[in-house]
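Work through the exercises below with the sequence and the 3D structure at hand. Try each task before reading its solution.

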Amino acid sequence: MTTTLPAYDEVVARYEPVIGLETHVELGTNTKMFCGCPTDFGGEPNTRVCPVCLGLPGSLPVANSAAIEATIRIGLALNCSIAQWCRFARKNYFYPDMPKNFQISQYDEPLCSDGYLDVEVNGEVVRIGIERVHLEEDTGKTLHVGGATGRIHGATESLVDYNRAGIPLVEIVTKPIPGTGALAPEVARAYVTELRDVLRSLGVSDVRMEEGSLRCDVNTSLNLPGEEWGTRTETKNVNSLRSVERAVRSEMLRQASVLDAGGRITQETRHFHEDSGDTTPGRSKETATDYRYFPEPDLVPIAPDPAWVAELKAALPELPRLHRRRLQQAWCLSDADMQSVLNAGAVELIEQTVAAGATPAAARKWWLGELSRRANETGVELADIGATPKQVAELQDLVDAGKLNDKLARAVLEGVVAGEGSPAEIMSNRGLEVVSDTGALTAAVDEAIAANPDIADKIRSGKVAAAGALVGAVMKTTRGQADAKTVRDLILSRLGA
C-alpha cells in the first residue's frame with residue numbers, strides 16, 4: 001500500500017527535527033591499522049589479507065602510528081581536546097564481514113573529544129558540536145548477488161571480500177543538532193561537505209564517497225515544539241553529499257507521516273535508496289551494552305606526548321573556511337557570489353581551473369553555468385560530471401584565441417563530458433573551429449546581402465546597427481562557425497558603410 005507523505009512545509013511547521021551525523025573516514029595510510037597488509041582500493045577479492053586482519057588464532061595486532069597521528073590531526077582541526085591517555089576496546093558483534101567476530105575500536109576513552117566545526121548555510125554560520133573522534137578498524141565487504149536490489153533479501157548467495165577489513169577507520173560523531181528547522185537537510189549536507197574539505201586539506205584521506213572512503217550515517221528524529229526529542233533512526237552508509245541531504249528530508253517526511261497517523265517511530269537502522277530517495281528498515285539498533293565492550297588486551301594504551309600534539313597543531317594547514325575567504329578576495333566575489341560557488345560544490349574545481357591558466361571569471365562561468373546545468377540534469381556531483389579543470393582551462397584558451405565562440409565552446413564541452421577527448425581534439429574532429437578567413441566568408445556575406453536588399457539599403461544609408469541582422473543570417477548559414485566580428489567588418493566593407 002502506498003502511503004501519501006505530507007508536504008515538507010507542513011512537516012517543518014508542525015515538528016522540530018533533530019539531526020546527528022556519524023561519519024566514517026578510511027585513512028590514507030599505506031598499511032592497515034593493526035597489520036602490514038596494503039590498503040589500496042580494488043584488487044582481487046581476499047588477496048590483501050593476513051593472519052592478523054583475518055583474526056586467525058595466535059596472531060597479534062600492532063597499532064599503526066601513522067593512523068594515530070592522522071586521527072590526532074583530525075581532532076585538532078575539529079577543535080577537539082586530545083586525550084593524554086586512552087586505549088582500544090573490543091566491540092563484540094557477529095557479521096560475516098567481521099572476521100574476528102569483534103572490532104577493535106574505542107569506547108569510553110576516545111582519542112579526541114568535545115570539538116566543533118562551523119559551517120555556512122544561506123549566509124549564516126551554524127556551529128556543529130563534535131562529540132568524539134575515535135580510531136578503529138574497518139570491516140570487510142559483503143556482496144549479495146542474484147537479487148534485484150543488491151541486498152540480502154532475495155539474493156541467491158552472499159560473497160565476502162576481506163581486503164577492506166582492518167583498514168584504519170576514523171569515526172567522527174557529532175552531538176545532536178537541534179534548532180535547524182526547515183534547513184536541517186541543508187545543514188547536514190553542508191557539514192559533510194565542510195568535513196570532507198577539512199579532511200582533504202589535512203591529506204589524511206582521499207575522501208572518495210563513491211569508493212567508500214567517506215561514508216555517512218544520518219540520524220534523524222522529530223518532536224513537537226517544546227516536547228522531548230523523538231526516537232531517532234539511523235540511515236546507514238549514505239555515499240554522496242546529495243544523498244545526505246535527501247536522506248534527512250526523506251526521513252523527516254516518513255516520520256511525520258507515521259506520527260500523524262498515531263504511530264510510533266522505531267529506533268532502527270535504515271537503508272537509503274538512491275533511485276527513489278526513500279529509506280527502508282534495516283535492523284533494530286543495538287545499544288552499547290549489546291556490544292559487550294571491554295579493553296583490548298593485546299594492545300597497549302595510547303599516551304600522546306603533549307609537546308608532540310602541540311607540534312602537530314602548529315603544523316596544521318590553512319583550513320578550508322579561511323582558504324575560501326582568501327579565494328573570495330582574490331576572485332573579487334561578493335558574499336552572494338561566493339555562496340553560489342559553495343552551493344554548487346565548485347570551489348576546488350574553480351581554483352584548479354584558475355591554476356591551469358583560466359581567469360577566475362571564466363572558470364566560474366563554465367562551472368556554475370553549463371557544467372552545473374548538466375550536473376543537475378543528470379543528478380551527479382559537479383566533480384563527477386566528466387570534465388576536468390585542465391580541460392575547462394583549455395576550452396577557455398580556445399575561446400580566448402578566437403578559435404571557438406561561446407556556442408561552439410558549449411558543443412565542444414558536450415564532447416568533453418561525453419569522454420571524446422581534449423577540447424582541441426573534439427574541436428578538430430567535429431569541425432567546430434570558428435571560420436575567420438575572409439575568403440571563406442565572402443560568399444556567405446554576399447548571399448546574405450542579396451537575400452536581404454532592404455536591410456542592405458539601410459546599412460548603405462548609414463544605419464550600421466542594421467548589420468546585426470545580416471550577421472545573424474551569415475551565422476545561420478555557417479552553423480554558428482563564422483567569426484561574428486569578421487563577418488560584420490565584411491558586410492560594412494561590401495556595402496561601403
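The exercises cover domains, strands, salt bridges and aromatic rings.

The model is predicted, so local features need pLDDT of at least 70 and side-chain atom pairs count only at pLDDT 80 or more, while totals for chains, interfaces and linings use all residues. Residues are numbered from 1 along each chain as its sequence is written, and side-chain values use heavy atoms, with hydrogens and water left out.

**Exercise 1. Domains**

State into which domains the protein chain is divided, and describe how domain 1 and domain 2 are in contact.

Solution. 
- Step 1: The bounds come from an automatic or database domain assignment. They give domain 1 (8-309), domain 2 (318-429) and domain 3 (438-494).
- Step 2: Between the C-alpha centres of domain 1 and domain 2 there are 32 Å.
- Step 3: Contact means heavy atoms within 4.5 Å. Eleven residues of domain 2 are in contact with 15 residues of domain 1.

**Exercise 2. The pairings of E5**

Which strands are joined to E5, and by how many bridges?

Solution. 
- Step 1: Strand E2 (residues 81-82) runs antiparallel to E5 and is joined to E5 by two bridges. Ile82 faces Cys112 in E5 as its opposite residue.
- Step 2: Strand E6 (residues 124-137) is also antiparallel to E5, with nine bridges. Gly115 stands opposite Ile130 in E6.
- Step 3: The hairpin of E5 and E6 has two residues between the strands, and Asn122 takes a positive phi near 55 degrees there.

**Exercise 3. Salt bridges**

How many salt bridges does the structure hold? For the pair of Lys236 and Asp217, find where in the chain the two residues lie.

Solution. 
- Step 1: A salt bridge is a side-chain nitrogen of Lys or Arg within 4 Å of a carboxyl oxygen of Asp or Glu. The structure holds 36 of them.
- Step 2: In the salt bridge of Lys236 with Asp217, the closest N and O atoms are 3.1 Å apart. The pair links distant parts of the chain, with Lys236 in strand E11 (residues 233-238) and Asp217 in strand E10 (residues 214-223), 19 residues apart.
- Step 3: Buried means under 20% relative accessible area, exposed over 50%, and partly exposed in between (1.4 Å probe, protein chains only). Asp217 is buried at 1%, whereas Lys236 is partly exposed at 21%.
- Step 4: For Arg373 and Glu377, the closest N and O atoms are 2.7 Å apart. These residues are separated by about one helical turn because they are four residues apart in helix H10 (residues 370-378).
- Step 5: Arg373 is partly exposed at 37%, and Glu377 is exposed at 57%.

**Exercise 4. Aromatic rings**

Is the pair of Tyr107 and Tyr293 stacked or edge-to-face?

Solution. 
- Step 1: Rings of Phe, Tyr and Trp (its six-membered ring) pair if their centres lie within 6.5 Å; planes under 30 degrees apart count as stacked, over 60 as edge-to-face and the rest as tilted. The structure holds five aromatic pairs.
- Step 2: Tyr93 and Tyr95 have ring centres 5.1 Å apart and planes at 90 degrees, so this pair is edge-to-face. Tyr93 is buried at 17% relative accessible area, and Tyr95 is partly exposed at 28%.
- Step 3: For Tyr107 and Tyr293 the centres are 4.0 Å apart and the planes are at 5 degrees, so the pair is stacked.
- Step 4: Tyr107 lies in the loop between E4 and strand E5 (112-121), and Tyr293 in the loop between strand E13 (279-284) and E14, so the pair ties together parts that are 186 residues apart in sequence.
- Step 5: Ring pairs link Tyr93, Tyr95, Tyr107, Tyr291 and Tyr293 into a cluster.

Note on methods. Pairing = 2+ DSSP bridges.
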